[in-house]
Amino acid sequence: MARIKPQALLNQSKRKKGPARISATTIFLCNLVVVVIVLSVVATYKHWSQRSRNQPISGLSTFEDTANSFADSKKYDLPGYAILNTSKGYITVELYKDGSPMIVDKFLDLCQKEYFKGMPFHHVIKHYVIQAGHGQGLGAAEDWTTKGKLHSRLATSPKHEAFMIGTSKTRDNTEFELFITTAPIPDLNDKLLVFGRAIKGEDVVQEIEEVDTDEHYRPKSPVGIIGVTLKREI
C-alpha cells in the first residue's frame, strides 16, 4: 500500500475545510424575506400614522355632538310661556323657542330684568294691532298706517294671524316694543318679528283694542303691562 505524503495530506485537509458555495435559490429566498419584512414595516407605519391623524377629528366630532346636545337641552329648559299681567287682565303667550330662538332669548332676558314692568300700550288700532313700548314718539304701527298699509290686503298669513306676538324689525336695538295683532295682517311680514302667540286672554286683547283713542291712536286712558310671569309649562 502506497504511503501518502504529509504535504498531500495537508492539501487534502485544506480543500475539505473550504467554504461551501451558496446556491442562487437560497440568495433569492433571502432577498424575498427581506423585502416582505420591509413592506410589513412600511404598512404598519402607515396604519398607525393614519390612526393618529384620525383621532383628533373623531374627538372634535364627539365634542361638537356633545355641544349640540347641551344647546338643545338648554333650549328646552327655557320657559315656554309668558303671562302678561295687564291693567285689563292676563294674556298667556306661547313662545316660539324653535321658530324664533334669538328673539325669544332677548324677550326672556328683558323679562328677568323687569323691562316690561309698567310698559304702556301707547298705540291701539282697531282691527289691526296694539303696540306697547316705553317710547313716546311716533308709534311704528301708526307709521305703517300713514304709508297706506292699513287694510291694504285681506289675504291671511299663517305667520300673522290674529293674536300673534312680535317686535318691530325697524326699531333700534335699544328699544324692544311688543305688538299683538288683532286681525290677520299679511303685510307685516317685512316689519314684524313674530316670536309667540296669545293662547289665553284673547278677550283681554280685544278689550284693550276697544279703548278710546285720539286721532293718533293713543289711548285716552292709561292701559299697560303690570308685569310678566315666565313658566315652562301651563
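Buried means under 20% relative accessible area, exposed means over 50%, and partly exposed lies in between (1.4 Å probe, protein chains only). Arg218, at 34% relative accessibility, therefore counts as partly exposed.

This is a predicted model, in which local features need pLDDT of at least 70 and side-chain atom pairs count only at pLDDT 80 or more, while totals for chains, interfaces and linings use all residues. Residues are numbered from 1 along each chain as its sequence is written, and side-chain values use heavy atoms, with hydrogens and water left out.

Start with the overall plan. The protein has 5 helices and 8 strands. Helices (H or I, at least four residues) and strands (E, at least two) are DSSP runs, numbered from the N terminus. Their order from the N terminus is α-α-β-β-α-β-β-α-β-β-β-α-β. Of the 234 residues in the protein, 34% are buried. A contact means heavy atoms within 4.5 Å. Take the contacts between residues at least 6 apart in sequence: 66% of them join residues at least 24 apart. The accessible surface is about 15,400 Å², and carbon and sulfur atoms hold 57% of it. Such areas come from the Shrake-Rupley method with a 1.4 Å probe; for residues, only the protein chains shown count as cover.

Helix H2 spans residues 24–77, and Val36 sits in this helix. Val36 is partly exposed, at 45% relative accessibility. Together with Phe28, Leu29 and Leu32, Val36 makes a nonpolar surface patch of about 390 Å². Patches are built from residues with over 30% relative accessible area and no salt bridge; nonpolar side chains (Val, Leu, Ile, Met, Phe, Trp, Tyr) are joined within 5 Å, like charges within 9 Å.

Next come the strands. Two strands pair if DSSP finds at least two bridges between them. Strand E1 (residues 81–86) runs antiparallel to E2, joined by 6 bridges. The two form a hairpin with 2 residues between them. Within this pairing, Ile83 has Thr92 of E2 as its bridge partner. Strand E2 (residues 89–95) is mostly covered, with 5 of its 7 residues buried. E2 also pairs with strand E7 (residues 192–200), antiparallel, over 4 bridges. There, Glu94 is the bridge partner of Arg197 in E7.

Lys97 is buried, at 14% relative accessible area. From Lys97 to Gly196 is 99 residues in sequence, yet 8.5 Å in space, C-alpha to C-alpha.

E3 and strand E4 (residues 129–132) run antiparallel, with 4 bridges. Ile125 stands opposite Val129 in E4. All 5 of the 5 residues of strand E3 (residues 121–125) are buried, so E3 is largely enclosed by the rest of the structure.

Now turn to the aromatic rings. Rings of Phe, Tyr and Trp (its six-membered ring) pair if their centres lie within 6.5 Å; planes under 30 degrees apart count as stacked, over 60 as edge-to-face and the rest as tilted. The whole structure holds 6 aromatic pairs. One of them is Phe107 with Phe176, a tilted pair at 6.5 Å centre to centre and 40° between the planes. Phe107 lies in helix H3 (residues 101–112) and Phe176 in the loop between strands E5 (164–168) and E6 (178–181), so the pair ties together parts 69 residues apart in sequence. Phe107 is buried at 3% relative accessibility, and Phe176 is buried at 6%. Phe116 and Phe176 have ring centres 5.9 Å apart and planes at 80°, so this pair is edge-to-face. Phe116 lies in the loop between H3 and E3, 60 residues from Phe176. Ring pairs link Phe107, Tyr115, Phe116, Phe176 and Phe195 into a cluster.

Charged pairs come last. A salt bridge is a side-chain nitrogen of Lys or Arg within 4 Å of a carboxyl oxygen of Asp or Glu. The search of the whole structure finds 4. One of them joins Glu210 and Lys126 at 3.7 Å, N to O. Glu210 lies in the loop between helix H5 (202–209) and strand E8 (225–231), and Lys126 in the loop between E3 and E4, so the pair ties together parts 84 residues apart in sequence. Arg197 forms a salt bridge with Glu161, at 2.9 Å between the closest N and O atoms. Asp214 forms one with Arg218, at 3.4 Å.
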